[in-house]
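These are my notebook entries on one model, kept in the order in which I looked things up.

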Amino acid sequence: MTPVELSRTVLHAVRRAVDAGELAVAVLPERVVVAPPGPGGCGDYATNVALQLARPAGQPAPRVAELLRTRLLRTDGISDVVVTGPGFLNISLDGDADGRLVRDILRAGPRYGHTDDLAGQAPELHAAPEVRAVVLMDSVARVLRSQGARPRMHCARPPEEAWVRMLGVPGDITVGAGTDPLRPVPAPADPTPLGRDAARWALLHPAPHDRPRIGDEHLVQRESNPLFRVRYAHARSRAVVRNAADLEFGAQPGDVADQPALHQALADHPRVLTATAAHRAPDRLARHLVAVADALAPLLPSVLPLGDEKPSAAHRARLALAEAAGTVLAGGLTLLGIDAPDHL
């Protein structure tokens, strides 16, 4: 069960409690936020939905939490639910949660984290006729589409031809004003000499309120370059899959207990896409991809057998985890409008 699926499961439990007359809530939340437990918490995920519902329901938060706990314990895939603090629900998933996460990613492919949560919404994005604003709008539109929305893009005048040609900006931008303005700090220089991928990264990686740096540091193949780290991690993940095929063994999701940071980064991906869409902030996705790449690096040397060592279940599980991480990196880069080459 992915975080998005768990969020929907908790929301379904809330709706069932309302339908059964256990909770008198006039307006239900559109979504439920689940996240790793904080200090004093336990289990795999926690949510404060009971605290949010307590006042409108006219009941103490611990009472609301117990009502939801009873319903959640009847749900397949959930092994335990504990109420802590003022009413936090701490949810434990059935065993092999990490293996299920990897299977879910490999099944979804680059669309892992995509949802229909914004279906029916058609945001009217508007960008100033400036290169960073237009590229930001394009990336925001891509992420909104991944969440089910059908955004429309507007600009005060048609984008410069170089932006469309070099930066992959679509030509279906309407000339006029939209109702959802995007106002990043403008680029201090023309980014097109960097080429599409480095230019888009230079414009999107900083937060919109930060001034981007347009320089050759985005082209160097060193660890100091975050874009290089992300694309190199993806290329290495593809390389170990090819090398494993040469050794005649394939991926099989399973327990890889020594990679909690990587598992957490992958589990966070749907939440990051949701936040990126909500805040119109592709920098959140860019920073997340750097976190995934950095968490993947320690795993890669242990994926393939060494010397005369035979491929084992542990190798297959690590290979599946590496492939899942590469899949997330490729999908995220695509939403930023950046290529994810298999070779660097």
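Entry 1, terms and ground rules. For residue classes I count Ala, Val, Leu, Ile, Met, Phe, Trp, Tyr, Cys and Pro as nonpolar, Asp, Glu, Lys and Arg as charged, and the others, Gly among them, as polar. The model is predicted, so local features need pLDDT of at least 70 and side-chain atom pairs count only at pLDDT 80 or more, while totals for chains, interfaces and linings use all residues. Residues are numbered from 1 along each chain as its sequence is written, and side-chain values use heavy atoms, with hydrogens and water left out.

I worked on a 1 Å grid over the protein atoms alone, where a cavity is a set of points at which a 1.4 Å probe fits but cannot get out, a pocket is an open set with protein on both sides within 12 Å along at least five of seven lines, and lining residues have an atom within 4 Å of a point. Grid points are joined across faces, edges and corners, and a volume is the space filled by probe spheres set on the points. I found 1 cavity of 30 Å³ or more, and the largest cavity holds about 30 Å³ of space. Its lining is made of Pro3, Val34, Ala35, Pro36, Tyr45, Ala267, Asp268 and Arg271, which by class are 6 nonpolar, no polar and 2 charged residues. Helix H9 (residues 260–279) gives the largest share of that lining, 3 residues; helices here are DSSP runs (H or I, at least four residues), as strands are (E, at least two), numbered from the N terminus.

The largest pocket has a volume of about 500 Å³, and of its 26 lining residues Glu30, Arg31, Asp117, Leu118 and Thr274 lie nearest its centre. Helix H1 (3–19) and H9 are the elements that give two or more residues to this lining, with the largest share, 7 residues, coming from H9. I sorted the lining of the largest pocket into 13 nonpolar, 6 polar and 7 charged residues. The second largest pocket holds about 270 Å³ and is lined by 15 residues, with Asp44, Tyr45, Asp98, His263 and Gln264 nearest its centre. Here too H9 supplies the largest share, 4 residues, and the classes are 9 nonpolar, 4 polar and 2 charged.

I checked the length of H10 (residues 282–296): at 1.5 Å a residue its 15 residues should span 21 Å, and its end C-alpha atoms are 21 Å apart, which agrees; the expected span is 1.5 Å times one less than the number of residues.

pLDDT is the predictor's confidence in each residue, from 0 to 100; the chain has a mean of 91, with 100% of its residues at 70 or more. Confidence is lowest in helix H6 (residues 161–167), at a mean of 80, and highest in H10, at 98. Most residues other than glycine have a negative phi. Glu248, not a glycine, has a positive phi of about 65°; Glu248 sits in the loop between H8 and H9 and is exposed, with a relative accessible area of 73%. Arg280 also has a positive phi, near 55°, and lies in the loop between H9 and H10.

Terms used
Buried < 20%, exposed > 50% of the residue type's maximum accessible area, 1.4 Å probe, protein only.
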